[in-house]
Amino acid sequence: MKDVPEMCFERFSYIFSRPDTKQGKLDLRADLYLPGNSTGPWPLVVWAHAGGFRAGTRRNRKHGLIAETLAREGYAMACIDYRLARPPAVLTAPARRAMGALIRDSEKWGEEMQEPFRRQRPIAVVEDICAFFKWINIRLEHFNLTGEFVLGGSSAGGISVLNAIMLHDVIGQPLPTIRTGLVLSGGFAYPSFWRPTDTRFLAIHNPNDAHVPFSSVARINELAGDQLDLIAAPEQPHGSPCLSPAEPLPVAVRRLVAFDQRQSFEEA
């Protein structure tokens, strides 16, 4: 690979949605990292941050480090806000109508995730992810993007990757085709709603994870067959793409890139 400048991306911030909360409208922003070392067009990795649906930020320092490696590999990246616990989100009517069936399904399967991870908060995040894709999809030419999408996230963000791809139509939200889903320490609380899609998933999870139970992704691994590749990594720090604390972050990110590029090759 050719040498590239140390600063290999440009970062821009945009408001992409103003959804409802119990305290009124809330501005949601996206940080868009565009490669500065190539002319594009580029595929886009959309990243949902960690934080247990209570905290976290799109401006996490590691996001910039991930974006740097992605830019060197020819990808743009977007790190997005979503509604957290405060102020509480107000769901759209289709999402409110779907909540009863979703909650009953999680209870039927004995889902071990924390209760807030299975109720309203994660469904609001699905709405917000879909809102970002609606916003970006009409700006592909402006940002020199190919229209090929990867959706990734850590912990609550990883849960949100699976929720968005599997539940967007359940709550009445459109979502473009997502080529690859990257699920770091995430899981899925609604097994009856799992279905075949065009998305291939890579999940990385510590079997001893104390935050998001391994069972919630292991169960989906059984249902998904070839649709999901699961790496059980006993030394993985929670929410990290690294398989151990000693693994350099660029090495871990290139593993994610290699998985996505394999899907791109198979599509071609």
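In which loop is the place of Pro-207? In this predicted model, Pro-207 sits in the loop that runs between strand β9 (200-205) and helix α6 (215-224). Leaving out residues up to four places away in sequence, Pro-207 touches Phe-214, Ala-232, Ala-233 and Pro-234. Ala-124, by contrast, is 83 residues from Pro-207 along the chain, and the C-alpha atoms of these two residues are separated by 28 Å.

The helix at the end of this loop can be followed next. The buried residues of α6 are Ser-216, Val-217, Ala-218, Arg-219, Ile-220 and Ala-224, and what covers them includes the strands β9 and β10 (228-232). Just after α6 comes Gly-225, whose phi is positive, at about 60°.

From here we can turn to the interior. In soluble globular proteins, nonpolar side chains tend to be buried together. In this model, the largest nonpolar core has 64 residues, and those with the most contacts inside this core are Leu-44 and Phe-132. Helix α3 (residues 120-137) gives the most to this core, contributing 10 residues. If neighbours within four places in sequence are set aside, the residues in contact with Leu-44 include Phe-132 and Ile-136, together with Leu-32, Ala-76, Met-77 and Leu-145. Apart from this core lies another, of 25 residues, among them Tyr-33, Ala-71, Leu-202 and Leu-249.

Helix α3 also packs against other helices. Its axis and that of α2 (residues 93-108) are 11 Å apart, and the two helices pack at an angle of about 135°, so α2 and α3 are described as oblique to each other. The crossing of α2 and α3 is right-handed, and the contact is made by Ala-95, Met-99 and Leu-102 of α2 with Gln-120, Ile-123 and Glu-127 of α3. Sorted by class, this contact has four nonpolar residues, one polar residue and one charged residue.

How do α3 and helix α5 (residues 156-167) cross, and within what distance do their axes come? The axes come within 9 Å and cross at roughly 70°, which means that α3 is roughly perpendicular to α5. This crossing, too, is right-handed. On the α3 side, Pro-122, Ile-123, Val-125, Val-126 and Ile-129 take part, and they meet Ser-160, Asn-163, Ala-164 and Leu-167 of α5. Here the contact has seven nonpolar and two polar residues, and no charged residues.

Finally, some details of the backbone are found in the loops. A cis peptide bond, with omega of about 5°, joins Gly-40 to Pro-41, and Pro-41 is found in the loop between β4 (28-35) and β5 (42-48). The peptide bond from Arg-86 to Pro-87 is also cis, with omega near -5°, and Pro-87 lies in the loop between β6 (76-80) and α2.

Asn-144, in the loop between α4 (140-143) and β7 (145-154), has a positive phi of about 60° although it is not a glycine. Ser-185, in the loop between β8 (180-184) and β9, likewise has a positive phi of about 60° without being a glycine. Asn-144 counts as partly exposed because its relative accessibility is 29%, whereas Ser-185, at 0%, counts as buried.

Technical notes
Residues are numbered from 1 along each chain as its sequence is written. This is a predicted model: local features need pLDDT of at least 70, side-chain atom pairs count only at pLDDT 80 or more; totals for chains, interfaces and linings use all residues. Side-chain values use heavy atoms; hydrogens and water are left out. A nonpolar core is a set of buried Ala, Val, Leu, Ile, Met, Phe, Trp, Tyr and Cys residues joined through side-chain atoms within 4.5 Å. Buried means under 20% relative accessible area, exposed over 50%, partly exposed in between (1.4 Å probe, protein chains only). Helices (H or I, at least four residues) and strands (E, at least two) are DSSP runs, numbered from the N terminus. Contact means heavy atoms within 4.5 Å. Axes are lines fitted to C-alpha atoms, for helices over the stretch in contact, and angles run from 0 to 180 degrees between N-to-C directions. Angles under 35 degrees count as roughly parallel, over 145 as roughly antiparallel, 65 to 115 as roughly perpendicular and the rest as oblique. A crossing is left-handed if the near helix is turned anticlockwise from the far one by less than a right angle, and right-handed if clockwise. Ala, Val, Leu, Ile, Met, Phe, Trp, Tyr, Cys and Pro count as nonpolar, Asp, Glu, Lys and Arg as charged, and the others, Gly among them, as polar.
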